[in-house]
Amino acid sequence: MIEDQMKGLRVLVTGGAGFVGSRLVARLSALGARVTVLDSLFTGSWSNIADAPNAELVYGSVTD
């Protein structure tokens, strides 16, 4: 049921390449959401979300 609601939904996750954010990205992506990750990669890493389908990384900070 939640999969039907998430399919195709566009979601922005700030800090999505970090420890907690990457788990959220993986779950949302697995449910079918199209996830945009905004991260400065200061403490996160692209490798944390590289396997998530439907995820796109935008390098930057919310303070930019």
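In this predicted model, three strands form an open sheet in the order β1-β2-β3, and their pairing is parallel. β1 and β3 stand at the edges with a single partner strand each, so one side of each lacks a neighbour in the sheet. On average, and ignoring direction, neighbouring strands of this sheet are turned by 20 degrees against each other.

**Strand pairing and the packed helix**
- The parallel strands β1 and β2 are joined by five bridges.
- Threonine 14 stands opposite leucine 38, a residue of β2.
- α2 packs on the sheet and touches β1, β2 and β3; the direction of α2 makes about 170 degrees with that of β1.

**Helix α2**
- The 12 residues of α2 should span 16 Å at 1.5 Å a residue, and the end C-alpha atoms of the helix are 17 Å apart, which agrees.
- Gly21, Ser22, Val25, Leu28 and Ser29 are the buried residues of α2.
- Seen down the axis of α2, these buried residues fall within an arc of 130 degrees and therefore line one face of the helix.
- The cover over the buried residues of α2 includes α1 (2-6), β1, β2 and β3 (55-59).
- Phe19, Val20, Arg27 and Ala30 are exposed and lie on the face of α2 turned away from its buried side.
- Glycine 32 follows α2 and has a positive phi, near 105 degrees.

**Nonpolar core**
- The largest nonpolar core comprises 11 residues: Met6, Val11, Val13, Val25, Leu28, Leu31, Ala33, Val35, Val37, Ile49 and Ala52.
- β1 (10-14), α2 (19-30) and β2 (34-39) are the elements that contribute two or more residues to this core.
- Valine 13, one of the core residues, touches Gly21, Leu24, Val25, Leu28, Val35, Thr36, Val37 and Leu38, leaving aside residues up to four places away in sequence.

- Most residues other than glycine have a negative phi.
- Leucine 41, found in the loop between β2 and β3, has a positive phi near 60 degrees.
- With a relative accessibility of 29%, leucine 41 counts as partly exposed.
- Asparagine 54 also belongs to the loop between β2 and β3, and its phi is positive at about 65 degrees although it is not a glycine.
- Asparagine 54 is partly exposed, its relative accessible area being 44%.

Technical notes: Residues numbered from 1 in each chain as written. Predicted model: local features only at pLDDT ≥ 70, side-chain atom pairs only at ≥ 80, totals over all residues. Heavy atoms only, no water. Core = buried A, V, L, I, M, F, W, Y, C linked by side-chain atoms within 4.5 Å. Buried < 20%, exposed > 50% of the residue type's maximum accessible area, 1.4 Å probe, protein only. Helix = DSSP H or I, 4+ residues; strand = E, 2+ residues; numbered from the N terminus. Contact = heavy atoms within 4.5 Å. Expected span 1.5 Å × (residues − 1). Arc of directions from axis to C-beta. Pairing = 2+ DSSP bridges. Axes fitted to C-alpha atoms, helices over the stretch in contact; angles between N-to-C directions.
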